[in-house]
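I opened this model to look at its rings, its sheet and its core. My notes follow in the order I looked things up.

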Amino acid sequence: MVSKGRPGSHEARDFVGAWTADDIANLAARGFTLVRLGMIWAAVEPDPRHYSEEYLTWLGEQLDLFHEHGLGVILDAHQDLYSQSFGDGAPAWATLADSDFQTTDLWSDAYLTSPAVHQALDAFWANAQGPTGVGVQDSFAAMWAHVAARFAGHPALIGYDILNEPTPGTTSQEIFGAIIGAFAAATGQDPDRVAAEFMDLEMKLSQLKRLDDVAVHRMIGDTVAPLLAAFEKNAVAPMMARVADAIRAADPDSLLLREHSYFANLGIPSGQPPLEDASCVYSPHGYDLTVDTPAIALSSNIRAGTIFERHAETQKRLNVPVLVGEWGAFGDATGVEDHATFLLDTFDTFQWSWTYWCWEENFADSEAANSLTRPRPLAFAGNAISWQVDGDSFTAEWEGADGSAPSEF
């Protein structure tokens with residue numbers, strides 16, 4: 001549940017979510033137990049070292065409301081295109097770029113094409129000095145410390161999602177070029193033709209069908225993975241450690257969620273190193289490249305399956321629990337039930353928790369909401385072995401142990 005405001009928004013009222021207590025009650029009635037609540041840096045800190053009491057009060061009211069309905073909360077430092085100046089996220093004062101920003105037909109393509117986005121991200125990853133002489137990354141960590149001090153110990157608060165989809169700046173072009181080159185090599189095509197066709201929706205769908213060959217999809221991921229690993233190790237990991245230290249000074253116990261890079265959403269293995277924290281959770285995202293297009297109902301189970309298999313490999317390497325932070329993005333589309341069911345079955349097989357992207361004002365009447373309303377385990381009196389939904393039946397197996405409470409489903 002994320003209220004992003006609009007590009008240029010800075011007043012607290014611009015970021016107030018449209019949901020009501022009745023909407024939250026509807027989620028609880030469907031069996032939901034967790035919300036990933038978007039928190040926008042530009043709303044928290046509209047001016048350097050000035051934290052918005054109005055916005056923080058609203059966040060606190062949301063925590064109270066979710067708690068009343070039995071829902072836990074992950075606070076998510078959300079961003080798209082890094083900044084509120086381009087999409088949502090960082091305040092204008094922490095956006096160190098002097099190039100003009102141009103929108104793209106598919107919003108996320110600006111990660112690949114926009115010099116303004118590249119400049120701002122490069123400055124963030126370099127911890128360049130902001131207007132007060134403090135590094136912008138240091139300011140981001142200080143913002144998180146302030147939020148954690150405010151809400152630590154709240155009965156609804158489960159943890160903190162440190163940064164949504166960390167993305168390279170200028171090197172995004174190099175990584176995308178490597179993806180196109182690897183795709184062309186794996187499928188025997190001309191790279192220029194592949195690049196051009198990926199910018200055309202109809203031709204893009206034709207190209208995507210080639211990724212239904214799992215070997216091709218994995219070959220592309222293996223080829224590009226070293227580039228992504230360098231970014232995640234050299235840029236993202238130090239930032240995550242800096243923010244983790246800031247949060248832990250105020251809250252030693254809540255979960256810390258560590259996402260992977262934006263490009264790993266596509267099935268490129270994440271090269272992130274472990275976050276040295278006893279309560280760290282890996283929070284991957286995954287979408288077929290039909291996402292944010294009218295072709296969302298044509299999403300492929302095979303391609304999505306490969307993406308989440310890659311995330312399972314990362315989990316095994318890191319040896320931490322998983323909470324899938326984003327998947328779906330079905331909106332009010334029809335014809336998505338099969339894909340949703342496939343992904344939910346996949347998550348059950350891996351014994352993963354998840355939060356679906358995303359709540360919208362017509363969510364309760366959507367095919368997506370109906371697909372998400374299904375049995376799930378809440379707690380095992382012992383150690384979980386497996387669980388699955390098969391049509392109208394739900395089966396769970398666990399190794400029993402003495403305890404103070406029963407299993408709950």
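**Rings.** I began with a cluster: ring pairs link F32, F308, W327, F330, F347, F350, W352, W354, Y356 and F363. Rings of Phe, Tyr and Trp (its six-membered ring) pair here if their centres lie within 6.5 Å; planes under 30 degrees apart are stacked, over 60 edge-to-face, and the rest tilted. By this rule I count 32 aromatic pairs. I looked up F347 and W352: the ring centres are 6.1 Å apart and the planes are at 35 degrees, so the pair is tilted. Both F347 and W352 are buried. Buried means under 20% relative accessible area, exposed over 50%, and partly exposed in between (1.4 Å probe, protein chains only).

I then took F380 and W398. Their ring centres lie 5.5 Å apart with planes at 50 degrees, so this pair is tilted. The pair links distant parts of the chain, 18 residues apart: F380 is in the loop between helix 13 (367–372) and strand 8 (382–390), and W398 is in strand 9 (residues 393–400). Helices (H or I, at least four residues) and strands (E, at least two) are DSSP runs, numbered from the N terminus. W398 is partly exposed, at 33% relative accessible area.

**Ground rules.** I note that the model is predicted: local features need pLDDT of at least 70, side-chain atom pairs count only at pLDDT 80 or more, and totals for chains, interfaces and linings use all residues. Residues are numbered from 1 along each chain as its sequence is written, and side-chain values use heavy atoms, with hydrogens and water left out.

**Core.** Which residues touch the most other members of the largest nonpolar core? I find Y55, F140, W144, M239 and W327, out of 111 residues. Such a core is a set of buried Ala, Val, Leu, Ile, Met, Phe, Trp, Tyr and Cys residues joined through side-chain atoms within 4.5 Å. Helix 10 (residues 214–248) gives the largest share of this core, 14 residues. Another core of six residues lies apart from it, with Y287, A329, W357 and C358 among them. I listed contacts of W327 (heavy atoms within 4.5 Å), leaving out residues up to four places away in sequence; they include F308, F347, W354 and Y356.

I traced an open sheet of five strands, order 1-2-3-4-5, with parallel pairing. Strand 1 and strand 5 (280–282) are the edges, each pairing on one side only. From one strand to the next the twist averages 30 degrees. Strands pair if DSSP finds at least two bridges between them. Strand 1 and strand 2 (residues 72–77) share six bridges, and V35 has V73 as its bridge partner in strand 2. Strand 3 (residues 157–161) and strand 4 (residues 255–258) share three.

Is strand 1 (residues 34–39) mostly covered or open? It is mostly covered: six of its six residues are buried. L34, R36 and G38 point one way, and V35, L37 and M39 the other.

**Q189.** Last, I checked Q189, in the loop between helix 7 (171–187) and helix 8 (191–197). Q189 counts as buried, at 12% relative accessibility. Its side chain makes a polar contact of 2.8 Å with the side chain of T187, and one with the side chain of Q207, also at 2.8 Å. A polar contact is a pair of N or O atoms within 3.5 Å; within protein, one must be able to donate a hydrogen and the other to accept it, and residues adjacent in sequence count only if both atoms are side-chain atoms.

Methods:
Axes fitted to C-alpha atoms, helices over the stretch in contact; angles between N-to-C directions.
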